[in-house]
Structure formats: structure tokens, C-alpha cells
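Please take a moment to look over the sequence and the structure below, and then follow the paragraphs that come after them.

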Amino acid sequence: MLHLVLFYKNPLLHTSLSLIIAFTFAFFKIPILFLYGLQTYIHPDSQPQTNGLRAAIRRPGIDGYQPLSSKTASELKKRNKPKDFDENNAQIFRLKLDYAHLQSRLFIDQYCVAFTLSFAALSSLLLHYFLDSTQNRGFFSNGVFVPILLSILSLYTWGNLLVKVTFERSASRRSEKQLSIVFEVLGLFLGLLLVPEGVSLVLDFRFAVPFDGFWRVFVAALMGCLAGFLFIPASRSARSFWLGTDQLRCNLSMITCGWFTRVILYVNQMLVIFVALLWIIPLAEIFVNTNYGSNSKGGSVTRSGFGDAERLVGNVGLLPSDFGNFRRWCLLGSSLLQIVALRPNLQMYLNEALLSWYQRLHASKVPDLDYSRAKMFLHNHYLCLVVLQFLAPPVLVLLFLGLSQIDGLSFGNFPLLSDLLPSFAYFKEVALFLAWWVTFLWALFSSVIIMLHRHCILYVS
């Protein structure tokens, strides 16, 4: 019995760790505790109630409220008279989110499940990295199947959730949904045309075997889905960055971030862009010393017409193996920093409704607060939906990065995987490529949105 336990100690450790994380997160409500203390805003309801109470927040369009487009001209004229303006109705209240408030939010259960499952999968991948699994003891005895199954289950869960939150009604503009579909189709065709031959010419990815047919379509479909699902979250993250770093110059302390949080937002954005550029071949060659062996033996470097600047490329920097580890560490650090910046981004998402109320309150003598009322409700109602959109990219990068670090010896002699996959090196390289693809899409979309805000093509309201 003891010999059997020692032989299967790795899968037992993986299973025990996953169960401990699941029960701990469920008992202490760690996913909800992660959002605890965020400040949200509610608009008071001026409609009298029969029991003497007033609802703190109400969906626009029901119980006496009508959309602005459905109101008649006479109603609009009556509302625009100065005597109809109620100063008390223009007030808003700020409160801190606690367990009772978060329990009523949409997608709260899905968020808790995805949060727990993702951290269980990541912990299992981290445990496999430190366990002694170099010996070829078989696919089941070394326990590698546990982190793989948890990671696949987590990726499947995030895929379903991203489909739901992307096309959720009233959660985003119709134009954003249409652009998501356009980017999804473009990503699909880009994958079909460039993977793997075109990718190897521009990016520093070396797929061990050429693949075609089903696997080519599969990778292209993943690229297209990620491109479509990440557009709306990246747009919201760019607006949060724009608002949190006070690019509007509104000088309102209750809307913008403090200096430390601004540093986190700036570093996070710059690191994502830096990591996305590390796999582009013309830029990656600057950091790699390809002539280390010849230079150490006294070899000379040929001068070119570009002078000393050309001589630096390939002669200074890290070794190729060290540079590969450096890129993976940067990818890991960028994902962790995105998780750190998640709470500031969420707070800026909630503050966006406050900015809308402030703008419309000071827009005229008789402000129209229907839009700000609706915006406050939606930002409160879809808080957990936005949490899923902000948490999905770093978690996907960490999962793909963890799968790319599983060595081939851990699989042992498992004929089923040998029949399904072209090669194990293909599996690792595709996982690393998808991790970079998520980071690249996030950097591209967020940078373009920030640039459009900078040129006043888009604006936060």
C-alpha cells in the first residue's frame, strides 16, 4: 500500500492541492473578497413609494421611467423648465461594495467558479513545475494529466463565459459587438493565411513540424475567437487608463487615481507593449548575441555601410536560451501586473458613471440626468461581467504559458496523445504562441483606443 502511494504521489498531491484551493476559496469567499471595498455610486429615486421608502437604484425604462426617445415634445418642454428642476434628485450616493451588494450582481456565480477553477489550474501547473517529474514513469503516475485537465477545463469555462459576456444585451454598444465580429473574422483569415509559414518569417516562433488540415483550422479559429472576445475588454481597459491617469485634466480626486495607482497603470500598459514586441524578429535580434561563440574565440565582425550601429546587432545582448527565458518571465510578469491593476481598472469603470453624472449636471441650468441614471445602473449591474472581461486575458496568458512549460518526458509513452498531436514540441509552441497572441491583441487594441482618445476621435462620457 505504501509503495502504491509513493508511486502515485504526484497525482495525489495535485488532487489534494486542487481540492484544498477549491474548498478554501469557497469557504472564505476569496473571489468576492477580491472585489470587496470597491466604491460604487447610486442615483436616488425621486418617485414616492407606498411604504415610505425609496429604492436606491432602479432600471431605467420601468416603474414610471421612460427612455428619452419615447418622451413627447410637450413632456420634454415641461421637464426643461427651471421650476421643474429638483436639486435633491441630482444628488448621488457613494457606497462600498460588500458581500450583500455583490451577491445581486449579474454573473457573480460564473465569476466565482471561473476564479476558483483558474487558480486551481495555475496552482497545479506551478506544482508540476517544482515536482520531480523528469523520470519517465508514465502519463498517469507522474500526475501531469491533472494540471492538463484542469487547464483545459478552465480554458473551456473562460471560452463559454467570453461568448456570453461579449454578446450580452445592453452590456456594450452595438458598434462594439459588430467590431468584435469583424476582428474575429479577420483573426480567423489571418491564422489560415499565416500560420505556421508566415508566422515563422515575422515572429520568433519555430514550430517543430508543419501542420495542416484540422490543426491549422483549429489554431486559426482560436486566433479569431481571441481577437473578437478581447476587443471590448481592451477598449474598457483603455478608457479606465485614460480616466485613471487623468488624461482629461478634470482634476477631480474622486474620479482619478492616486500617484501609486497611476504608476501601476502606466507600467502595466508599457510592459504589455514591451512584451508584445519581444517576439518580433527585427526587434528580438537586438537583444540576442548570436556571435557569442565566434567572439569569444577572437572572431572579427565585418563592418557594413551602416557603421557601428549595425555591428551591435547580433554581437551584444543575451544568449538565445537566456533570452527565451527572459521573454517567458516578462510574459509572466506582465500577466501578474494585469491582475494587480484589475482593481484600479474596475474602480475607474465605476467612476466613469460618476463622470457622466458630473458632466451632465454642469452641462446646463436644467440638466438631463436620465442618461447618467441609466449609466449608473448599467455600471453597477454589469460589474461582475466587466470583472470577467478584465480577468480573462491575464488568466489565459498564464494558462497557455503554463501548458507550454510541460516537458515531453512528463507524458511518457501515451499512444493516444501521440496519435492526436503532430508532436509534443508543436503543442508547446502553439501554447506559447497563443499566450503571446493574447498579449499582442491586448497591447494593440488598448494602444489604438488610447491613441483615438488622444486625438479626440473617441471620448469618455
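A residue is called buried when its relative accessible area is under 20%, exposed when that area is over 50%, and partly exposed in between. In this model, which is predicted, Arg216 has a relative accessible area of 13%, and because that value falls under the 20% limit, Arg216 counts as buried. The partner of Arg216 is Glu197, and the two form a salt bridge in which the closest N and O atoms are 3.3 Å apart. This pair links distant parts of the chain, since Glu197 belongs to helix α9 (residues 197-202) while Arg216 belongs to helix α10 (residues 214-229), 19 residues apart. Is Glu197 buried, partly exposed or exposed? With a relative accessible area of 45%, Glu197 is partly exposed, because this value lies between the limits of 20% and 50%.

A search of the whole structure finds 6 salt bridges, and another of these joins Glu176 to Arg239, with the closest N and O atoms 3.6 Å apart. Here too distant parts of the chain are linked, for Glu176 sits in helix α8 (residues 174-194) and Arg239 in helix α11 (residues 231-244), 63 residues apart. Glu176 and Arg239 are both buried.

A further salt bridge is found where the side chains of Lys375 and Glu352 meet, at 3.7 Å from N to O. Lys375 lies in helix α18 (residues 370-381) and Glu352 in helix α17 (residues 342-361), so this pair ties together parts that are 23 residues apart in sequence. Lys375 and Glu352 are both buried. Which residues are linked in a network of salt bridges? The network consists of Arg173, Glu176, Arg239, Glu352 and Lys375.

Turning to another residue, Ser334 lies in helix α16 (residues 320-340), and Ser334 counts as buried because its relative accessible area is 2%, which is under 20%. When residues up to four places away in sequence are left out, Ser334 touches Asn268, Leu271, Val272 and Val275.

Finally, the UniProt record, an unreviewed entry, lists several spans under "transmembrane region", among them residues 143-167 and 382-406. In the predicted model, residues 143-167 are 88% helix and 0% strand, and the C-alpha atoms at the ends of this span lie 38 Å apart. Residues 382-406 are likewise 88% helix and 0% strand, with their end C-alpha atoms 37 Å apart.

Definitions and conventions: Residues are numbered from 1 along each chain as its sequence is written. This is a predicted model: local features need pLDDT of at least 70, side-chain atom pairs count only at pLDDT 80 or more; totals for chains, interfaces and linings use all residues. Side-chain values use heavy atoms; hydrogens and water are left out. Helices (H or I, at least four residues) and strands (E, at least two) are DSSP runs, numbered from the N terminus. Buried means under 20% relative accessible area, exposed over 50%, partly exposed in between (1.4 Å probe, protein chains only). Contact means heavy atoms within 4.5 Å. A salt bridge is a side-chain nitrogen of Lys or Arg within 4 Å of a carboxyl oxygen of Asp or Glu. UniProt positions are given in the numbering used here, feature names are shortened, and annotations may be inferred rather than shown by experiment.
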